[in-house]
Amino acid sequence: MPEHAPGAAGAVLFVNRFTVHASPEEFEEVFARTSEFMATRPGFLRHTLARHVGRPGHYVNVAEWEDAESFEAAVAHPGFRPHAAGLRALSTSEPALYATRRTRVADLPAHRDPA
């Protein structure tokens, strides 16, 4: 597939790195509830929560939103406060919002070996 031009469709990425000081299972459970809430908010497109391979207490969440305004409205919603508090009780985080500049997907189907 082709590479998409900078700023395609105004999408933004929210990237949040977590350092968890509770059990990974407890953090993932609380995060799953937060994910359910965010998925209902207008402008939410998708997210991925990933755990560091060598350091199980380290996570990164990458969420795609239609635009910055949608993301900002979601985190300002009163229903988000308990989710934010739950995550803060289990971890510290480094959140940041990024403007999408380029997106690329594989040119080859995933099941093919390029060699």
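**Reading the pockets**

Analyst: By class, the second largest pocket is lined by three nonpolar, five polar and three charged residues. The model is predicted: local features need pLDDT of at least 70 and side-chain atom pairs pLDDT 80 or more, while totals for chains, interfaces and linings use all residues. Numbering starts from 1 along each chain as its sequence is written, and side-chain values use heavy atoms, without hydrogens and water.

User: How are the classes assigned?
Analyst: Ala, Val, Leu, Ile, Met, Phe, Trp, Tyr, Cys and Pro count as nonpolar, Asp, Glu, Lys and Arg as charged, and the others, Gly among them, as polar. Among the residues lining the second largest pocket are Arg17, His52, Tyr59 and Glu94.

User: What counts as a pocket?
Analyst: Rolling a probe the size of a water molecule over the atoms shows where empty space is left. On a 1 Å grid over the protein atoms alone, a pocket is an open set of points where a 1.4 Å probe fits, with protein on both sides within 12 Å along at least five of seven lines; lining residues have an atom within 4 Å of a point. Here, 22 residues line the largest pocket, with Phe14, Asn16, Phe18, Phe80 and Leu87 nearest its centre.

User: Which class of residue does the lining of the largest pocket have, and in what numbers?
Analyst: That lining has 13 nonpolar, eight polar and one charged residues.

User: What is the bridge partner of Phe14 in E4?
Analyst: Strands (E, at least two residues) are DSSP runs, numbered from the N terminus, and two strands pair if DSSP finds at least two bridges between them. Leu97 is the partner of Phe14; nine bridges join E1 to E4 (residues 91-99), antiparallel.

How values were computed. Helix = DSSP H or I, 4+ residues; strand = E, 2+ residues; numbered from the N terminus.
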